[in-house]
Structure formats: C-alpha cells, structure tokens
Amino acid sequence: MMSQPSPAPTTWRRIQTTWGLPDLTGKGRFVTANLIDSLGNGLVMAFTIVFFVKTTPLSLVAVGAALTTGRLLALPMPPFVGPLLDKYGPRAVIAAGNWISVAGFVGFLFSHAIWQIVLWQFVVQLGSTAFWMGSSPLTVLVAQGTERARWFGFVRALRNVGVGFGGAASAVALSIGTVAGLRAVMVANAVTFAIAGWLFLTWRPMGDASETAAPAEAKRAAPAESPEEQPPGGYRTVLRDTRYLRLVAVNLSFVFASMVITVLLAVYAADNLGIGAWIVGVLVVLNTVMVALLQTLASRWIETRSPVRVLVLALLVNAAAFVLFGSLLALPGWAVIAGLLIAMILYTVAEILSSPPTSELSVMMAPEHLRGRYLAVYQLSWSIGGALAPVLLTSLLDGGALLPWVFLTAISLLAVPLVLGLDRQPMTAGVSTPAADEARIEQQQFDGEPAD
C-alpha cells in the first residue's frame, strides 16, 4: 500500500516556521494576557511620576523619593513569594500578582501624601515581583517540553511590542495633561492588569486538567511518600547549589547591562560625547524594533544550540558593545553617531541572544519541588541589580566617562568562566527535564485537548 503524502503546510504554519514562532494552538488566553499586561506596563512606566506631580501638591523630588522608597521596601519580597510559587504554581501567583498591582493602582488614585505613595508603590512592586517570578515557569508549562527557546523569545518580543504601544499611549495621555485625563489613564491601567490576571488564571494548559500548582499536580500523580521520603529543601538547599548561584551571578551581569539605555546613554551622549539627547530616542527605537522583529528568528537559531554556548556568545558581544561605547570618546564628531548605532546593534544582539537561555536555565536548573525558592534567589539578581545599577553606573560616570564601560566590559568577560560547565550535569536536580515534561504531557493528553 502506498503511503499517503503528508498535507502541505498551511500559510500560517509556513509563517511560524519562517519567523521562528512557536505553535500557538490552545494558547490564546496566555498570549492575550501577556500582550494586555505589557500594554499596562508600557502605560505605567513613563506615566507614574507625572501622574503624582499633577494630581498631588508634592514636588518632583518628593514624588521620586517616595516611589524609590516603595521599590526599595519590595526588594526583600522574592524569598516570601518563592514558597507560594512552590505551593500554588505559576498561574495562581501571576494572577495574584496582577491583582495586587491593581490594588496598588487604585490606591494611587487616592494618594495625596508621601506615605501613601510609598505604601501603594510597594504594593505595585510586590505584584510585579510575583508576576516576574511566575512568568518563566509558566512559559515552560506553555511550551510543554518543546519549543522552549521559541516560547521565551516569542513572549519577550510580544511584551516588547506591548510595552512600546503602551508607552506611546501614555505619551498621548500626558500630552492632554488634564487631571481627569490622567486619572482615566490610571483607571484604564488598573483594568488592563485585572483582565490580564483573569486570563492567566482561567487559561488551562491541558483541557480540564488544572495547573493550579504544577508541583501539587506532580505530587498527586506520584505514589504517596512518607514525610521522611519527601525530598529535603529550603533556601539553604538553594544557597548550597553553587551551579545555580553561578547562573544568578551571570544574570547579574546582564541586569547591569540592561540598565545602559535607561541610566547611562542620555547623560553620556549629551555630556561626554557632545551630541544632543535626541540620539538616545533613535537608539531606543532601534533597540525596540530589533527585539520585536528579530527575537523569534534568533530563538529558532538558539533552540538548536547549547544554551551555555549561546550565553558565552552573548557575553562576548556585550563586551564588544561596551568597548565600542567607551571608544567613542576618542573618535571625531562625524564618526560618533555611526559608532553609537553600531554599538547599539551589538548591544541589542547580545540582549536578544541572552534572554531565552537565561530564562530557560533559571527554571530548568531548579528542582521542581523547590522551583519557587530557586526563582526567588534568581529574582534577587534583578531586584538587587536594578537597585544598585543606577547609583553605581552614574557614580562611575561621574568619576570618568570611560569607567562605566570598563566596568561593564569587565563583568561581561568575568561571567564567561561562570557559564562554562553549567551543562555538564543534568539541568535540574528534580524531575522536570524536557523528556519528563513531554512524558507527563503525553499522559495528560488522554484527559483532554488544549483549550483557550
């Protein structure tokens, strides 16, 4: 009997293959929730300070200090969120994080004193911490053991587009400038976060099988164990895992690198290179467009290669970008703009290369029963790095225009030996390997079909 020819791929499937997009079947709510949430983040990023300056009697300095204090108070929160992630799973934690942020935005509407802004900024930041801690493990769950690099790349590109549109909408709102208009935007922002939380919570990975907590599901599926047979765990276990701590240290170098656009570029271009700050707007647009257009294509390339090798390449490209940024001090004026564009292209390529493997390794190197606690430690690299980077990089710039670029180059190169060898052992001490994930998913497929 002659075998039937396989059907020709659909137009959409050809687009998916060409652009490195993952299979989106049954993932509509997850995709929509990420897009809506990123639109809200784009709205709030450039909006909050102006909102309080216009709607309260407080000065710009007082508002900035209150928002910073709220953020600092939230820095120790990841270790408290980690056990909740282990117990309830990423969907519940992300939804709760979004709704906690909603409470914070509603609180913003009624804030008139410094202490109120501090309180509600802390609440918003707590919700954001919960969201980001649940994001990577939920993406792994969405990927269902396959196309992980593509899913991480797609989510990053999707959120980049959403933040861009949200920022544009925020700029339009700010141009209106009325107090009533600003309050309306804050309400709209709260609504977007509330809808996103509902979409995350109601999305089901597999038919009717609920993922309220992946670890809890795994425990129910496994034979009963006595307390003595339960795997040991806690933050001391995480802190003894030197391989994972090396990954956290590597990510810290990427965190410092991520602050270049928001902390360094405008001051460096205007005060040290003698170029108008307008060039920073061009560089930000270039970075945003490259991530939106190239992230999924790069993920298709990344998925066939060792994540360790990809991270080494990203670190080396970052180092090259920072060397070029620093070298612009010695170039004549006509060459500085071209040099900035080339440096930004290298910087963005490193950003595109580093995001999928760091996100994937942060989840897959963690034992499943302690994944939340591991991710809490990983999240601290973002929290602490994000808090330290502005003061450290600006202090270095004040000491000499070349110093921040020397520092960024050095930590990128020093991170290379920390990456080497991370793949010499299984990427997890738990049961959540790609093969285990796929086997579990195949078993679940008997219970139902993917659903939006």
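**Note on the helix packing around α17**

1. The axes of helix α7 (residues 114–143) and α17 come within 10 Å and cross at roughly 120°. That angle makes α7 oblique to α17. Angles under 35 degrees count as roughly parallel, over 145 as roughly antiparallel, 65 to 115 as roughly perpendicular and the rest as oblique. Axes here are lines fitted to C-alpha atoms, for helices over the stretch in contact, and angles run from 0 to 180 degrees between N-to-C directions. The crossing of α7 and α17 is right-handed. For handedness, the near helix is compared with the far one: turned anticlockwise by less than a right angle is left-handed, clockwise is right-handed.

2. A word on the source. This is a predicted model, where local features need pLDDT of at least 70 and side-chain atom pairs count only at pLDDT 80 or more, while totals for chains, interfaces and linings use all residues. Residues are numbered from 1 along each chain as its sequence is written, and side-chain values use heavy atoms, with hydrogens and water left out.

3. Which residues of α7 meet α17? They are Thr-129, Trp-132, Met-133 and Pro-137. On the α17 side, the partners are Arg-371, Gly-372, Leu-375, Ala-376 and Gln-379. Contact means heavy atoms within 4.5 Å. By class, the contact of α7 with α17 has 5 nonpolar, 3 polar and 1 charged residues. Ala, Val, Leu, Ile, Met, Phe, Trp, Tyr, Cys and Pro count as nonpolar, Asp, Glu, Lys and Arg as charged, and the others, Gly among them, as polar.

4. Now the chain as a whole. The secondary structure comes to 19 helices and 0 strands. Helices (H or I, at least four residues) and strands (E, at least two) are DSSP runs, numbered from the N terminus. Buried residues make up 48% of the 452 residues. Buried means under 20% relative accessible area, exposed over 50%, and partly exposed in between (1.4 Å probe, protein chains only). Among contacts between residues at least 6 apart in sequence, 86% join residues at least 24 apart.

5. Helix α5 (residues 78–88) also packs against α17 (residues 371–399). Their axes come within 7 Å and cross at roughly 150°. That makes α5 roughly antiparallel to α17. The crossing is right-handed. From α5, the contact uses Pro-78, Pro-79, Gly-82, Pro-83, Leu-85 and Asp-86. From α17 come Arg-371, Gly-372, Arg-373, Leu-375, Ala-376, Gln-379, Leu-380 and Ser-383. The classes are 7 nonpolar, 4 polar and 3 charged residues.

6. Next, α16 against α17. The two axes come within 9 Å and cross at roughly 140°. The helices are therefore oblique to each other. Thr-358, Ser-359, Ser-362, Val-363 and Met-364 of α16 meet Arg-371, Leu-375 and Tyr-378 of α17. This contact divides into 4 nonpolar, 3 polar and 1 charged residues.

7. Ser-362 deserves a look. It lies in helix α16. Is Ser-362 buried or exposed? At 0% relative accessibility, Ser-362 counts as buried. Not counting residues up to four places away in sequence, Ser-362 touches Ser-136, Tyr-244, Leu-247, Leu-375 and Tyr-378.

8. Two of those partners of Ser-362, Tyr-244 and Leu-247, are among the buried residues of α12. The others in α12 include Arg-243, Val-248, Asn-251 and Phe-254. Cover for the buried residues of α12 includes α13 (260–272), α15 (307–327), α16 (333–364), α17 and α18 (403–419). At 1.5 Å a residue, the 17 residues of α12 (residues 242–258) should span 24 Å, and the end C-alpha atoms are 24 Å apart, which agrees. The expected span is 1.5 Å times one less than the number of residues.

9. Helix α9 (residues 179–202) passes a similar check. Its 24 residues should span 34 Å at 1.5 Å a residue, and its end C-alpha atoms are 35 Å apart, which agrees. Its buried residues include Leu-182, Met-186, Asn-189, Phe-193, Gly-197 and Phe-200.

10. Trp-99 sits in helix α6 (residues 90–109). At 36% relative accessibility, Trp-99 counts as partly exposed. Trp-99 and Gly-197 are 98 residues apart in sequence, yet 6.3 Å apart in space, C-alpha to C-alpha. Leaving aside neighbours within four places in sequence, Trp-99 is in contact with Phe-193, Ala-194, Gly-197, Trp-198 and Leu-201.

11. Last, the loop between α6 and α7, where Ala-113 is found. At 24% relative accessibility, Ala-113 counts as partly exposed. Ala-113 and Ala-62 are 51 residues apart in sequence and 9.8 Å apart in space, C-alpha to C-alpha.
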